[in-house]
Amino acid sequence: MSRQHFILPIAAAVSSLVVSATVAQANPINQVVNCTSAGQICDRTARVTFNSDGSHQEFAVGLRAPATHCSPIKYFTTNSSGQRVETEVLAPGQQTYLVLGRGFNRGSHTVQIGAIGIQEGCNIGRLGSWGVQATVYPVPQ
């Protein structure tokens, strides 16, 4: 199996992050979520699970807005320190990564992913549904 690396934009403070896809630690998802809320923040989340070998390992979650989206979107989750982290606005088909951090004990973990709609395209003021392709990756040391 060939070793793949991705250089990913994270934030202004971090110029790039290298994520290895060689360690099969995650169960990737391709999920559609239907919202029952009235605003741009959906009241439902998607979930992706991954396995940790121990608290020493740092993880990041790769997030892709499906090409079938008809408006831009932002995703958010909570990192291992309990802080909310958000993506930049993603157009349909775009992807980015959010650092989850370390401290995940050995075993299975679940990351909840939320979404914020952007009023544009088919979004006229309410996020009715959204999709995400997500995978959790270990960050090489």
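**View 1. Strand S11 and the lining of the largest pocket in the predicted model.** Strand S11 (residues 129-139) gives the largest share of the lining of the largest pocket, 3 residues. The space in this pocket is about 210 Å³. It is lined by 14 residues, and those closest to its centre are Cys 70, Ser 71, Cys 122, Leu 127 and Ser 129. Sorted by class, the lining holds 7 nonpolar, 6 polar and 1 charged residues.

**View 2. The disulfide between Cys 70 and Cys 122.** The two sulfur atoms are 1.6 Å apart. The torsion about the S-S bond of Cys 70 and Cys 122 is about 60°, so this disulfide is right-handed. Cys 70 sits in the loop between S6 and S7 and Cys 122 in the loop between S10 and S11, so the pair ties together parts that are 52 residues apart in sequence. Cys 70 is partly exposed, with a relative accessible area of 45%; Cys 122 is also partly exposed, at 43%.

**View 3. The disulfide between Cys 35 and Cys 42.** Here the S to S distance is 2.2 Å. Because the torsion about the S-S bond is about -115°, the disulfide of Cys 35 and Cys 42 is left-handed. Both Cys 35 and Cys 42 are buried. The whole structure has 2 disulfides, and with the bonded cysteines numbered in sequence order the pairing is 1-2, 3-4.

**View 4. The largest nonpolar core.** This core has 26 residues, of which Tyr 75, Ile 113 and Trp 130 touch the most other members. Elements that give two or more residues to the core include strand S4 (29-34), strand S7 (73-78) and strand S10 (107-117). S11 provides the largest share, 4 residues.

How values were computed
Residues are numbered from 1 along each chain as its sequence is written. This is a predicted model: local features need pLDDT of at least 70, side-chain atom pairs count only at pLDDT 80 or more; totals for chains, interfaces and linings use all residues. Side-chain values use heavy atoms; hydrogens and water are left out. On a 1 Å grid over the protein atoms alone, a cavity is a set of points where a 1.4 Å probe fits but cannot get out, and a pocket is an open set with protein on both sides within 12 Å along at least five of seven lines; lining residues have an atom within 4 Å of a point. Grid points are joined across faces, edges and corners, and a volume is the space filled by probe spheres set on the points. Ala, Val, Leu, Ile, Met, Phe, Trp, Tyr, Cys and Pro count as nonpolar, Asp, Glu, Lys and Arg as charged, and the others, Gly among them, as polar. A nonpolar core is a set of buried Ala, Val, Leu, Ile, Met, Phe, Trp, Tyr and Cys residues joined through side-chain atoms within 4.5 Å. Buried means under 20% relative accessible area, exposed over 50%, partly exposed in between (1.4 Å probe, protein chains only). A disulfide is a pair of cysteine sulfur atoms within 2.5 Å.
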